[in-house]
Amino acid sequence: VKPGQLFRQGDAKVASPIAAPSHNVAMLCLLALRDEEARAFLLEQNWPEVLASVPGSDLLTKILQADLRPADSASLNLFQTTLSPAEESLVSGWLLQKMPANPATLAREWWNGLRQAILRRELEAAESRLRLPNLTTGEIMQLQKQVLDLRGQLHDVPRFSPARAQQP
């Protein structure tokens, strides 16, 4: 049985559990489901490319792909009918949670934190490859350029600040 599929145990249908997304992805899911401005911000980003490199972001991808309106309960209900029982359970939980203050600001902060983590992983990988023996001069130059580019990108991403995200 695959995650999210139903199987019969006696006469009762039981949904197999899915792994909940990481906290930062879960926060982005909550904000994209519950706030128009936060959702609009996320949709303006290069989210398909970014989320492709984020493990456990399948549900956030579904949320962003869906034609849903956070202020419209019928739209949210219709979206939930497209989910597996386990995904629907997660989404229902997020819809019941108290909304944090400044959701659009929080969406920007969490998104930037996600981008920083991706860039750091890519930078570490490039720096590790630079330490490999027997690299050609061309490979070394290409990796050095990649490291400089990634450092620049990392520097350009605004730093995540929980305090700033909580400001009114």
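Reader: Which helix gives the most to the lining of the largest pocket?

Author: Happy to start there. Rolling a probe the size of a water molecule over the atoms shows where empty space is left. In this predicted model, H7 is the main contributor to the lining of the largest pocket, with five residues. Helix H3 (47–52) and helix H7 (103–130) each supply at least two lining residues.

Reader: What is the volume of the largest pocket, and which residues line the largest pocket?

Author: The volume comes to about 250 Å³. Among the residues in the lining are Gln45, Asn46, Glu49, Val50 and Ser53, along with Trp111, Arg115, Ile118, Leu119 and Glu122. Gln153 and Val157 also belong to the lining.

Reader: How do the residues of that lining divide by class?

Author: The lining has five nonpolar, four polar and three charged residues.

Reader: Let's move on to helix packing. At what angle do the axes of H7 and helix H8 cross?

Author: The axes of H7 and H8 (residues 137–156) cross at roughly 160° and come within 9 Å. That angle is over 145 degrees, the cut-off for this class, so H7 is roughly antiparallel to H8. The crossing of H7 past H8 is left-handed.

Reader: Which residues of H7 and H8 meet?

Author: On the H7 side, the contact includes Leu119, Glu122, Leu123, Ala126 and Leu130. Their partners in H8 include Ile140, Leu143, Val147, Leu150, Gln153 and Leu154. By class, the H7 contact with H8 has nine nonpolar, four polar and five charged residues.

Reader: Are H2 and H7 roughly parallel or roughly antiparallel to each other?

Author: Read the angle again, this time with the cut-off of under 35 degrees for roughly parallel. Helix H2 (residues 36–44) packs with H7 at about 30°, the axes being 7 Å apart. H2 and H7 are therefore roughly parallel, and H2 passes H7 in a right-handed crossing. From H2 come Glu37, Ala38, Phe41 and Leu42, while H7 brings Pro103, Ala104, Ala107, Arg108 and Trp111. This contact has seven nonpolar, no polar and two charged residues.

Reader: And how far apart are the axes of H5 and H6?

Author: Helix H5 (residues 73–80) and helix H6 (residues 85–96) have their axes 10 Å apart, and they pack at an angle of about 155°. H5 and H6 are therefore roughly antiparallel to each other. Here Leu76, Phe79 and Gln80 of H5 meet Glu88, Val91, Ser92 and Leu95 of H6. The classes in this contact are four nonpolar, two polar and one charged.

Note on methods
Residues numbered from 1 in each chain as written. Predicted model: local features only at pLDDT ≥ 70, side-chain atom pairs only at ≥ 80, totals over all residues. Heavy atoms only, no water. 1 Å grid on protein atoms, 1.4 Å probe; cavity = no way out; pocket = protein on both sides within 12 Å on 5 of 7 lines; lining within 4 Å. Points joined across faces, edges and corners; volume = space filled by probe spheres on them. Helix = DSSP H or I, 4+ residues; strand = E, 2+ residues; numbered from the N terminus. Nonpolar A, V, L, I, M, F, W, Y, C, P; charged D, E, K, R; others polar. Axes fitted to C-alpha atoms, helices over the stretch in contact; angles between N-to-C directions. Parallel < 35°, antiparallel > 145°, perpendicular 65-115°, else oblique. Left-handed = near helix turned anticlockwise from the far one by under 90°. Contact = heavy atoms within 4.5 Å.
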